[in-house]
Amino acid sequence: MNYKCFIVAEIGMNHMGDEAYADEYLKALGVAHPDGITFQVQTPAYYQEKSHQGLVLANEYYRQAARQVRGLGIQFGVSLCDTEKVPFFEEIGTSFYKVLSKDIGNRTLVSALLATRKPVYVSTGLSDEDEIGSFFARLDSEPSNLTLIHTQLSYDDADTNLRAIAKLREEFETPVAFGLHSRDANALYASLGFAPSALFFYVKGARQITHRDEEHAVPLALCHEMVAEIHRLKTMLGDGTKKKMGNRITGQKK
């Protein structure tokens with residue numbers, strides 16, 4: 001059986017609160033065609049902070065965006081920080097959820113998302129193995145819809161620590177995805193060697209502004225090529241079974 005990997009392009013809040021700009025993302029990603037697209041929705045208190053004002057999108061925008069994304073054959077997801085918004089995102093047909101690394105200890109939020117029975121991806125960017133163990137210990141049960149995301153909030157290449165993908169998967173007996181927070185998008189390709197269950201990467205548009213996720217975001221113009229390359233490279237992993245075959249390299253001797 002060939003290796004499968006769920007590819008997620010994260011708009012996050014790189015729309016900068018502008019619906020027309022958010023539409024540009026959806027149009028470009030419709031062409032790139034990842035498996036999933038996410039927006040990020042913070043708490044009301046977050047949007048009230050002076051530096052975050054103007055970043056919010058209206059509920060009605062998310063409703064039509066979810067409809068548009070599904071119409072493209074792409075799953076609509078949300079990185080959600082506000083427990084009160086769970087019923088709304090369930091109503092509009094959200095396919096999967098992400099928990100930001102800062103909220104791994106938010107038991108109320110995590111429980112509400114797991115209760116939807118939709119896939120829930122939990123970022124571990126601020127946690128070590130002991131803290132992740134404590135996270136699992138706080139859960140009421142062993143949910144089948146939970147996936148960890150290995151990521152490091154650092155631009156140091158060594159901190160990317162891709163070997164943690166396999167180690168976390170073995171230690172916690174749960175699927176582990178990889179989230180890109182490196183300036184070098186080649187980390188996505190390298191991570192495939194550790195068979196993450198999903199890949200998450202932020203994207204940014206062409207406007208000459210500083211986006212909320214700027215340095216580690218992939219330009220929209222490169223997304224189509226990147227998604228195609230991920231699909232090509234993941235076929236190289238195969239099923240792990242060494243098979244007998246003839247020489248398939250044209251012009252080469254056996």
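Me: Helices (H or I, at least four residues) and strands (E, at least two) are DSSP runs, numbered from the N terminus. In which strand does Thr38 lie?

Reply: This is a predicted model, in which local features need pLDDT of at least 70 and side-chain atom pairs count only at pLDDT 80 or more, whereas totals for chains, interfaces and linings use all residues. Residues are numbered from 1 along each chain as its sequence is written, and side-chain values use heavy atoms, with hydrogens and water left out. With these conventions, Thr38 is assigned to strand E2.

Me: Is Thr38 buried or exposed?

Reply: Buried means under 20% relative accessible area, exposed over 50%, and partly exposed in between (1.4 Å probe, protein chains only). Contacts, meaning heavy atoms within 4.5 Å, join Thr38 to Val8, Ala9, Glu10, Ile11, Gly12, Gly77, Val78, Ser79 and Phe96, when its neighbours within four places in sequence are left aside. The relative accessible area of Thr38 is 0%, so the residue is buried.

Me: What radius of gyration does the chain have, against the value for a compact globule?

Reply: The radius is taken over C-alpha atoms, and the globule rule is 2.2 Å times the number of residues to the power 0.38. For 254 residues this rule gives a value near 18 Å, with which the chain agrees. The C-alpha trace spans about 70 × 45 × 35 Å along its principal axes. The radius of gyration of the chain is 19 Å.

Me: What share of the contacts in the chain with a separation of 6 or more comes from residues 24 or more positions apart?

Reply: The chain has 9 helices and 9 strands, and 47% of its 254 residues count as buried. Among contacts with a separation of 6 or more, the share from residues 24 or more positions apart is 68%.

Me: How far apart are the end C-alpha atoms of helix H3?

Reply: The expected span of a helix is 1.5 Å times one less than its number of residues. Helix H3 has 13 residues (59-71), so it should span 18 Å. The computed separation of its end C-alpha atoms agrees with this, at 19 Å.

Me: Around the axis of H3, how wide an arc do its buried residues cover?

Reply: The buried residues of H3 are Tyr61, Tyr62, Ala65, Ala66 and Val69. An α-helix has 3.6 residues a turn, so residues three or four places apart point the same way.

Me: Which helices and strands do the buried residues of H3 pack against?

Reply: H3 is followed by Gly73, whose phi is positive, near 80°. The packing partners of the buried residues in H3 are helix H1 (19-32), strand E2 (36-41), strand E3 (75-80) and helix H4 (86-91).

Me: Which kind of pair do the rings of Phe39 and Tyr61 form?

Reply: Rings of Phe, Tyr and Trp (its six-membered ring) pair if their centres lie within 6.5 Å; planes under 30 degrees apart count as stacked, over 60 as edge-to-face and the rest as tilted. By this rule there are 14 aromatic pairs. Phe39 and Tyr61 have ring centres 6.3 Å apart and planes at 80°, so their pair is edge-to-face.

Me: How many residues apart in sequence are the parts that Phe39 and Tyr61 tie together?

Reply: Phe39 is buried at 0% relative accessibility, and Tyr61 is buried at 4%. Both belong to one aromatic cluster, together with Tyr62, Phe76, Phe88 and Phe89. Since Phe39 lies in strand E2 and Tyr61 in helix H3, the pair joins parts whose separation in sequence is 22 residues.

Me: What relative accessible area does Asn161 have?

Reply: Most residues other than glycine have a negative phi, and most peptide bonds are trans. Asn161, although not a glycine, has a positive phi of about 50°, and it is found in the loop between strand E6 (146-150) and helix H7 (164-172). Asn161 is partly exposed, with a relative accessible area of 39%.

Me: How far apart in space are Lys234 and Ala195, C-alpha to C-alpha?

Reply: Lys234 lies in helix H9 (residues 220-234) and counts as buried at 13% relative accessibility. Ala195 is found in the loop between helix H8 (186-191) and strand E8 (198-204). The two residues are 39 residues apart in sequence, and their C-alpha to C-alpha distance is 8.5 Å.
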